[in-house]
Amino acid sequence: MLRIHFADNRQAPIWLVDERFTIGQDSRNSLVLAEPEISLFHAEIRQEHGQYYLSDCGTPGGTFVNGERIGARFQLRSDDRVRVGQLELLLVDPAKARPKAETTARWYLQVIKGEHEGQKYHVTGSMTFGRSVKCELCFSDQELSRRHCEFFLKDDVLEAKDLASANGVFVNQQKVSTAVLQPGDQIRMGTVTLLVIGPKVAAPQAVDEDATLFMPVVQLPKAAAPRPAGRQPVANPLRAAAQKQAAPAEAARQSPNRLLIGLLVLVVAAAAAFAGKTML
């Protein structure tokens with residue numbers, strides 16, 4: 001048995017238990033939707049022998065399955081995506097659903113100003129924005145180009161690309177051709193402003209050319225290792241030669257002094273002897 005899930009999580013999933021399930025604005029439908037792009041009786045799903053068949057009720061906007069417009073009795077299968085107006089529905093067979101290894105990042109674009117204000121769109125894969133009915137995000141604003149901008153997910157990172165629009169794409173008041181979007185960014189196109197809702201993304205840091213650069217410290221030579229204990233220092237041969245040359249000069253300088261001292265001693269001795277004889 002299939003179950004309908006809402007891509008924008010506006011309400012709880014619905015089981016397809018009735019043989020006939022209708023979608024439209026009229027209150028008599030099984031699923032009542034008030035969006036202006038949806039007709040009073042827009043589409044119906046019939047269950048026959050365990051199979052589900054979707055038919056468009058001749059609406060101007062059409063009914064789409066996996067991006068292709070369908071007519072009558074299109075057989076639905078698990079994981080098909082049905083779009084009526086701007087609403088996307090996912091058909092799930094819980095018996096065949098595989099448990100996810102990990103929770104993937106989910107991105108949304110919410111209209112905070114302009115047409116469809118308050119509407120929230122779930123971004124899946126690649127989605128175009130513009131006036132063309134072939135755009136997943138279709139707006140009637142005359143300031144928009146037919147294919148104005150493309151939003152696409154790449155490795156859980158949401159990016160926006162200007163599709164050569166006439167009036168440009170502005171992210172946080174800055175005109176861009178391409179941009180990596182962050183939660184909280186505001187995108188203005190024409191009179192429509194979108195708010196980006198999603199997980200936090202670590203963007204690569206830009207290099208600041210004016211930032212202070214710290215240079216490495218100059219490597220000084222290492223101090224000499226201390227001598228091992230008990231090892232005698234090596235004599236300087238130049239100093240030894242200088243000392244050897246100075247020794248004779250010092251000896252010559254001291255020789256006259258020694259001679260004078262010797263003579264003085266002899267004189268004193270002679271005088272003492274003469275004085276002794278005189279007294280006798």
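User: In which loop does Asn-66 lie?

Analyst: In this predicted model, Asn-66 lies in the loop between strand 7 and strand 8, the latter covering residues 68–70. Its phi is positive, at about 55°, although Asn-66 is not a glycine.

User: Is Asn-66 buried, partly exposed or exposed, and why?

Analyst: One compares the relative accessible area with two cut-offs: under 20% is buried, over 50% is exposed, and values in between are partly exposed. Asn-66 has a relative accessibility of 48%, so it counts as partly exposed.

User: Which other residue apart from glycine has a positive phi near 55°?

Analyst: Arg-73 is such a residue. Arg-73 is found in the loop between strand 8 and strand 9, where strand 9 covers residues 74–76. Arg-73 is partly exposed because its relative accessible area is 45%.

User: How should I read the pairing of strands, and how many bridges join strand 7 to strand 10?

Analyst: The general idea is that strands of a sheet pair through backbone hydrogen bonds, in either a parallel or an antiparallel sense. Here, strand 7 (residues 63–65) and strand 10 (residues 81–84) run antiparallel and are joined by 3 bridges. For Phe-64, the bridge partner in strand 10 is Arg-83.

User: What does strand 10 form with strand 11?

Analyst: Strand 10 and strand 11 form a hairpin, with 2 residues between them. The two strands run antiparallel and are joined by 4 bridges, strand 11 being residues 87–92. Across this pairing, Arg-81 stands opposite Leu-90 of strand 11. In the turn, Gly-85 has a positive phi of about 65°.

User: What is the order of strands in the open sheet of 5 strands?

Analyst: The order is 4-3-5-6-9, and the pairing is mixed. Strand 4 and strand 9 are the edge strands, since each pairs on one side only. Strand 5 (residues 43–48) and strand 6 (residues 51–56) pair in the antiparallel sense over 6 bridges, and Ile-45 stands opposite Leu-54 of strand 6. As a further general point, the side chains of a regular strand alternate between the two faces of the sheet.

User: Let us compare two serines. Where is Ser-27, and is it buried or exposed?

Analyst: Ser-27 lies in the loop between strand 3 (20–24) and strand 4 (31–32). Its relative accessibility is 65%, so Ser-27 counts as exposed. Ser-27 and Phe-41 are 14 residues apart along the chain, and their C-alpha atoms are separated by 9.7 Å.

User: Is Ser-165 buried or exposed, and why?

Analyst: Ser-165 counts as buried because its relative accessibility is 12%. Its place is in the loop between strand 17 (157–162) and strand 18 (169–171).

User: Which residues are in contact with Ser-165, leaving aside its neighbours within four places in sequence?

Analyst: They are Ser-145 and His-148.

User: How many helices and strands does the protein have, and what percentage of its residues is buried?

Analyst: The secondary structure comes to 1 helix and 22 strands. Of the 280 residues in the protein, 34% are buried. The protein exposes about 19,200 Å², of which carbon and sulfur atoms supply 56%.

User: What share of the contacts with a separation of 6 or more joins residues 24 or more positions apart?

Analyst: Residues 24 or more positions apart account for 35% of those contacts.

Methods
Residues are numbered from 1 along each chain as its sequence is written. This is a predicted model: local features need pLDDT of at least 70, side-chain atom pairs count only at pLDDT 80 or more; totals for chains, interfaces and linings use all residues. Side-chain values use heavy atoms; hydrogens and water are left out. Two strands pair if DSSP finds at least two bridges between them. Buried means under 20% relative accessible area, exposed over 50%, partly exposed in between (1.4 Å probe, protein chains only). Contact means heavy atoms within 4.5 Å. Accessible areas come from the Shrake-Rupley method with a 1.4 Å probe; for residues, only the protein chains shown count as cover.
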